[in-house]
Amino acid sequence: MKQFKGIPASPGIAAGPAFVYRPVELIVPSSPGVDAAIEWTRCQRAMAAAQQELAALRQRATSEFGEEEAAIFDAHQMIVSDPDLEEELRAELEAGACAEAAVEIVYARAIKTFQDMDDPFFRSRGMDFVDVRRRLLCLLLGIQDRSLAELDTPAIILAQDLMPSDTAQMNKAMVRGFCTAGGGPLSHTAILARNLGLPAVVGAGDGILGISSNTPSIVDGGEGILIVDAGEDVQAAYRERAAVTAGSVSAARAQAHAPAVTQDGHQVEIGANIGLPGEEADALQAGAEGIGLLRTEFLFVGRQTAPSEEEQFKAYLPIFEAMGDRPVIARTLDIGGDKPAPFLSVPHEDNPYLGWRAIRIGLSQPELLKTQLRALLRAGSGHNLKIMFPMIATIEEIEAARHLLDEARGELEARGQALAGLVEVGTMVEVPSAALMADHLATQVDFFSIGSNDLTQYTLAADRGNPAVAGLTDSLHPAVLRLVDQVIRSAHAAGIWVGLCGELAGDLTAIPVLLGLGLDEFSMGAAAIPGAKALIRRLSRSEAQSLAGEALSQPNARSVRELVQRWMSDRT
Amino acid sequence: MPEIKLIVRNKVGLHARPAVLFVQAAQRFQSEIRAIKDGKEGNAKSFKAVLGLAVNQNDEVVVRAEGPDAEQALSALAKLVEENFGEP
């Protein structure tokens, strides 16, 4: 078994044989053109043929993928006939280049302009020029590339990156999921996969291109991992998870917008975890009452320069506008050695999970963190913004972070800018020291949000991304539950509320236990919300409390799961 | 040379569909049309140039036109932007 870690791009789980897409390599001749006029005629023929192909692809995309995807080809048609590019092509031909070389040079220049842009939305447009360049070169060189169109068995698509032209000709009926070596959460593959409701992982590294086609593969889009050659036990576990997600969603969707109130009248709050602009719409549709975790990494990963306050403000604003007065809990930048941001030039670390990451970066580069805080305070103006800091290990860190928040606020006030008034400030509890010191931390914040994924791996000292030890990292281990219990007790004693925003919050086996421990807010991927709400409505809080008490005294994670499953089957 | 100032209200700015519509509208006129943002200038009939200005929501764009139908071109582009590219 082998596991590849990438960036989660579209949630869900899919299994199937891998199909490794390797586009034909194009060799651009550097030979001089025969004659500028002849080369220009060749260019014009290729451009006319490209327009025809694009018109056909547009039509196909409209019926197969919808108007949004089809509109990409309008842009491609405009690129083919772009007057500025045409002028540059003619200049290269006049200078003696052949048609292929001219296309290569002119498009490479345009692509570079986009790659150098700060704004990720505009930067991602560079891919359209890469795509059009390939189309023109294929036409000039007389190459046809149809492997994705000829896909005839269900498969997980592995590729360096997929372009609109690749996906438009793909046989969609046979695609179960995607994993790309390159790309980010805003790449074409990521957006397309979300629109199609198919799981996808991006930025998984070139290692995935060494996988042979037909290797059994599992894509876990929510976690951002690709597993190949999994053992029968892992495959069975994933099949079960996939079935639970699919089943509960269809059954519970009708009731998704009703609150989560238990049989004995106790209400808990259900939020969504989102990590990309636009996902708030899915969250609302799924019945989220707020955003329990707004991951802000999409603005930072893979960047050569840090995003400006203005860029961040513009990225956050539509999320707040869509959520209206519902709470949005923004987590400040959670980057580090495991989520690389080139502009930080994090030195090589033997142990990135224990290294310079998250709040540790924010506190040592206060301007970086304050820029983000100012952008959040501005975007949250008139909305229900809450801010939380990741990976707090000590009370000094939360004091320092709060101090920076006060400074950011003061700077905006000095500029006379509109900003969010009352903002609840919280801390993530994901380091065991924070859980153990929760009574002290509770005096410094308005809420806690337990990050169960990291809390589990730090408590059990096992990297979730390492298949050799992944079996140790079950968040239902009593060691983790005891910490959760202690955090909730400390918080409630201090009069503050506690949420949980890890994978555990949407785990149907964990929900009765967390409810019994007294968790106030559950935040999960949008897809899990309807099922989680439906389950909570069937439970009684007092019964869940006894269950939680028993769970805390179990010897291991397996017996906790067995306990809950027996308890559940007695109730259905 | 006549010029107008436009504020792009669209959520995505001059990106995706709005950028296509803007360039298509400019291409209907004979006049030379330039779009300028923060001192950066480009051919309004070139999709590459318009995208390259990276116009975001609430950014101001100056549009200049020169030629026989300059006034008509400017009012058509102003209308497109003011009507938010036909979006609600």
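Start by selecting A:Ile529, A:Pro530, A:Gly531, A:Ala532, A:Lys533, A:Ala534 and A:Ile536, the buried residues of H20(A). A residue counts as buried if 20 or more other C-beta atoms lie within 10 Å of its own, as exposed if 12 or fewer do, and as partly exposed in between, with C-beta atoms placed from the backbone. Helix H20 spans residues 529-538 of chain A, and seven of its 10 residues are buried, so the helix is largely enclosed by the rest of the structure. Helices (H or I, at least four residues) and strands (E, at least two) are DSSP runs, numbered from the N terminus.

The model is predicted: local features need pLDDT of at least 70 and side-chain atom pairs count only at pLDDT 80 or more, while totals for chains, interfaces and linings use all residues. Residues are numbered from 1 along each chain as its sequence is written, and chains are lettered from A and ligands numbered from 1 in the order in which they are written.

Around A:Phe448, leaving out residues up to four places away in sequence, the contacts are A:Gly426, A:Thr427, A:Val429, A:Ala438, A:Val487, A:Ala491, A:Ile496 and A:Val498. Contact here means that the C-beta atoms of two residues, placed from the backbone, lie within 7 Å.

**Two helices of chain A**

Next select H11 (residues 309-323) and H13 (residues 366-379) of chain A, whose axes come within 8 Å and cross at roughly 35°. Axes are lines fitted to C-alpha atoms, for helices over the stretch in contact, and angles run from 0 to 180 degrees between N-to-C directions. The crossing of H11(A) and H13(A) is right-handed, that is, the near helix is turned clockwise from the far one by less than a right angle. On the H11(A) side, show A:Glu309, A:Gln312, A:Phe313, A:Tyr316, A:Leu317 and A:Phe320; they meet A:Thr371, A:Gln372, A:Arg374, A:Ala375, A:Leu376, A:Arg378 and A:Ala379 in H13(A). The residues of this contact divide into seven nonpolar, three polar and three charged. Ala, Val, Leu, Ile, Met, Phe, Trp, Tyr, Cys and Pro count as nonpolar, Asp, Glu, Lys and Arg as charged, and the others, Gly among them, as polar.

Colour the eight strands of the open, mixed sheet of chain A, which run in the order E1-E8-E7-E3-E4-E5-E6-E2. Two strands pair if DSSP finds at least two bridges between them. E1 (2-5) and E2 (7-10) of chain A stand at the edges with a single partner strand each, so one side of each has no neighbour in the sheet. Neighbouring strands are turned by 30° against each other on average, direction ignored. E7(A) and E8(A) (residues 225-228) pair in the antiparallel sense over four bridges, and the bridge partner of A:Ser217 in E8(A) is A:Val228.

Follow the loop between E6 (200-202) and E7 (216-220) of chain A to A:Asp206, which is exposed, with 9 C-beta neighbours inside 10 Å. A:Asp206 and A:Phe4 are 202 residues apart in sequence, and their C-alpha atoms are 9.9 Å apart.

Then go to A:Met391, in the loop between E13 (384-389) and H14 (395-415) of chain A. A:Met391 has a positive phi of about 60° although it is not a glycine, and it is buried, with 24 other C-beta atoms within 10 Å.

**Chain B**

E1(B) and E4(B) pair over five bridges, with B:Ile4 opposite B:Val63 in E4(B).

Finish at the contact between the chains, which takes 17 residues from chain B and 18 residues from chain A. On the chain B side, H2(B) gives the largest share, five residues.
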